[in-house]
Amino acid sequence: MEREEEETPFLGLLDILHESCNLVLHRRKIFLQISLFMILPLCFVYLAQIEISEIMFKEMMHNEFMLNSSPQGTQLRTRISNMLTTEWAAFMFFKVSYFFFFILLGLLSTSTVVYTIACIYAGNHISFMKVMSVVPKVWKRLSLTFLWSFIIVFAYNMMSLVVLILGVILFWSKPIVGTVLLFGFPLLYLSGFFYITILWHLASVISVLEESYGLNALSKSQILIKGRMGIITEVFLVLGLSFFGIEHLFKFLVMFRYIGVGCRIGVGILCLILLSISVLFGLVGQTITYFICKSYHQENIDKLSLADRLDAYFGEYVPLKSDEVQLEDYEV
């Protein structure tokens, strides 16, 4: 399939989904390998931690109830209290370990998919081993971009909490203003959080393909989305809703035990496969969105320069300059 350069900036949601399907289907071998070795473990870890966290939390809540029910000063209460302390420590250790492992797999998956798509657009030969040899060279840059994104999200949450507390204190006695704050604040918060998420995802692509990373990549992504915020919002909403839809299907049917053990195992495997597909298309979609934004700002792709820069990964690491990452006609 061919896509002319002048059409690229104006691709819609269905066009982007169609391009994503074409890329995955025409290069299904490499994407299947990436899915099996990167994305599938990522999704397995994500779903497994949901189940394990629920089991651990229920046990802690049971022991909390037993602690409140036991008489003061008894050995039973002391034993339950010590057990709760150990369980909470184990729970926090599990959550922190999961977070770092999940982020590691997420960054590895992002770098492999982004580099693979760039090689396809540039017409470079691509193989799974070739992609994996590049990952260590871009992982540090991607990690710094994530770290700055995490800091920004943390600061945003703290500021939002302060604003919420001040709003409650100042307008608690004013029912009309309080009602507007109650319903308006969550919408404003979610809009801001969604905007930061979009910046982070595009900055991740920039960190792999360009010389910018960290705050510079986030600033560059803020420039790129100007004029294309509508279609970007549509893409990320659809991909995000599919992800959370599969997650809640897993929680409803597998975790809450509305069906038998055999059916729960089958549904769990189905959710794992669907979630892996959703993540793969999410990574492909965000990369295509990056190329669309570049083309919209008339930063056209020079395929020869892109190919040379991608090959440079196998020598000394040379990131792509922003004015060299441009999109010409491509053929899948």
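Reader: What makes R228 count as buried?

Author: The relative accessible area of R228 is 13%, and buried means under 20% (over 50% is exposed, anything in between partly exposed; 1.4 Å probe, protein chains only). The value falls under the cut-off, so R228 counts as buried.

Reader: What kind of model is this, and which residues count?

Author: The model is predicted: local features need pLDDT of at least 70, side-chain atom pairs count only at pLDDT 80 or more, and totals for chains, interfaces and linings use all residues. Residues are numbered from 1 along each chain as its sequence is written, and side-chain values use heavy atoms, with hydrogens and water left out.

Reader: Where does R228 lie?

Author: R228 sits in the loop between helix 6 and helix 7. Helices here are DSSP runs of H or I with at least four residues, strands are runs of E with at least two, and both are numbered from the N terminus. In space, the C-alpha of R228 is 9.7 Å from that of H297, although 69 residues separate the two in sequence.

Reader: How many helices and strands does the chain have?

Author: There are 9 helices and 2 strands, and along the sequence they follow the pattern β-α-α-α-α-α-α-α-α-α-β. Of the chain's 332 residues, 43% count as buried.

Reader: What makes a set of residues a nonpolar core?

Author: The members must be buried Ala, Val, Leu, Ile, Met, Phe, Trp, Tyr or Cys residues joined through side-chain atoms within 4.5 Å. The largest such core here has 71 residues, and F31, I39, V113 and V284 touch the most other members. Among the elements that give two or more residues to this core are helix 1 (13–26), helix 2 (28–69), helix 3 (75–122) and helix 8 (261–296). A second, separate core holds 5 residues, including M60, L67, I80 and L84.

Reader: How do you know that F31 is buried?

Author: F31, in helix 2, has a relative accessible area of 1%. That value is under the cut-off, so F31 is buried.

Reader: Which residues does F31 touch, leaving out those up to four places away in sequence?

Author: F31 touches L23, V24, V113, T116, I117, I120, L280 and V284, where contact means heavy atoms within 4.5 Å. V284, counted in the same way, touches S20, L23, V24, F31, V113 and I117.

Reader: What makes I120 and S20 buried?

Author: I120 in helix 3 has a relative accessible area of 6%, and S20 in helix 1 has 2%. Each value is under the cut-off, so both residues are buried. With residues up to four places away left out, I120 touches L23, R27 and F31. S20, with its neighbours within four places left aside, is in contact with F281, V284, G285 and I288.

Reader: Why is helix 4 called roughly perpendicular to helix 6?

Author: Helix 4 and helix 6 pack at an angle of about 75 degrees, with their axes 8 Å apart. Axes are lines fitted to C-alpha atoms, for helices over the stretch in contact, and angles run from 0 to 180 degrees between N-to-C directions. Angles of 65 to 115 degrees count as roughly perpendicular (under 35 roughly parallel, over 145 roughly antiparallel, the rest oblique). The angle falls in the perpendicular range, so helix 4 is roughly perpendicular to helix 6.

Reader: Which residues meet where helix 4 packs on helix 6?

Author: T145, W148, S149 and I152 in helix 4 meet L215, A217 and L218 in helix 6. By class, this contact has 5 nonpolar, 2 polar and no charged residues. Nonpolar means Ala, Val, Leu, Ile, Met, Phe, Trp, Tyr, Cys and Pro, charged means Asp, Glu, Lys and Arg, and the others, Gly among them, are polar.
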